[in-house]
Amino acid sequence: MNKIPVSLNVNGREENLEIPPHKTLLEVIRDDLNLTGTKCGCEDGTCGTCTVLLDGAAVRSCLLLAAEVQGHEIVTIEGLADGERLHPVQQAIVNHGGVQCGFCTPGMILSAKALLDKQPSPTESVVRQAISGNLCRCTGYTKIVESIMALSGQPVSS
Ligand code: FES
Ligand code: FES
């Protein structure tokens, strides 16, 4: 199969790859870069488990070709912690019990980070809207929303 050269900036590292042109960003992240924190769920844009940041915006990596995103900055869940110190969104999710099986968690955290970077004090309805594309089958969302709201400084409706 024909391969093409693709250079990607992932978590601040320049990655030079030879890949088939149809390979998705999700496939490259998981299979070529071995960054398996990004989860593969539906592969059709429905579940949000494959969410990564593209120039700071939350995107579904299963819907993008890796070749399309050359020259852009990609951040996966592995790029968030600073050594042993978790990113504040990760720490909030831990502190508030926003994880059960964990399958949705990387994508959920990245969607929350994209929101909070743009809008540091979102209301609960804005938070719920921002994570509405990230499906969670375990938590019922309440503790995830509480985790994000703990960083927003805004009240949570009871
Ligand atoms: S795997 Fe990408 S949205 Fe489900
Ligand atoms: S914690 Fe299991 S899918 Fe969200």
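A: Happy to: the secondary structure of the protein comes to 5 helices and 5 strands, where helices (H or I, at least four residues) and strands (E, at least two) are DSSP runs numbered from the N terminus. This is a predicted model, in which local features need pLDDT of at least 70 and side-chain atom pairs count only at pLDDT 80 or more, while totals for chains, interfaces and linings use all residues. Residues are numbered from 1 along each chain as its sequence is written, and chains are lettered from A and ligands numbered from 1 in the order in which they are written.

Q: Thanks! In what pattern do they come along the sequence?
A: The pattern reads β-β-α-β-β-β-α-α-α-α. The radius of gyration, taken over C-alpha atoms, is 16 Å, close to the 15 Å from the globule rule (2.2 Å times the number of residues to the power 0.38) for 158 residues, so the protein is as compact as a globular protein of that length.

Q: And how many of the residues, in %, count as buried?
A: Of the 158 residues, 39% do. Buried is 20 or more other C-beta atoms within 10 Å of a residue's own, exposed is 12 or fewer, and partly exposed is in between, with C-beta atoms placed from the backbone.

Q: OK, new topic: which domains does the assignment give?
A: Domain 1 covers 4-79 and domain 2 covers 88-152; such bounds come from an automatic or database domain assignment. The C-alpha centres of domain 1 and domain 2 lie 21 Å apart. Their contact takes 14 residues from domain 1 and 12 residues from domain 2, counting two residues as in contact if their C-beta atoms, placed from the backbone, lie within 7 Å.

Q: Which strand gives the most to the domain 1 side that touches domain 2?
A: That is β3, with 3 residues. By class, this side of domain 1 has 7 nonpolar, 6 polar and 1 charged residues. Here Ala, Val, Leu, Ile, Met, Phe, Trp, Tyr, Cys and Pro count as nonpolar, Asp, Glu, Lys and Arg as charged, and the others, Gly among them, as polar.

Q: What does β3 pair with?
A: β3 (residues 51-54) pairs with β4 (residues 57-60) in the antiparallel sense over 4 bridges, and T51 stands opposite R60 in β4. β3 also runs antiparallel to β5 (residues 73-75), joined by 2 bridges, with I74 of β5 as the bridge partner of L54. Strands pair if DSSP finds at least two bridges between them.

Q: What's in the hairpin of β3 and β4?
A: There are 2 residues between the strands, and D55 takes a positive phi near 50°.

Q: What does A66 touch?
A: Leaving out residues up to four places away in sequence, A66 touches V6, L8, I19, K23, T24, L25 and V28.

Q: And α5, which residues are buried there?
A: In α5 (residues 142-152), the buried ones are I144, V145, S147, I148, M149, L151 and S152. They pack against α2 (88-95), α3 (105-118) and α4 (124-130). Just after α5, G153 takes a positive phi of about 75°.
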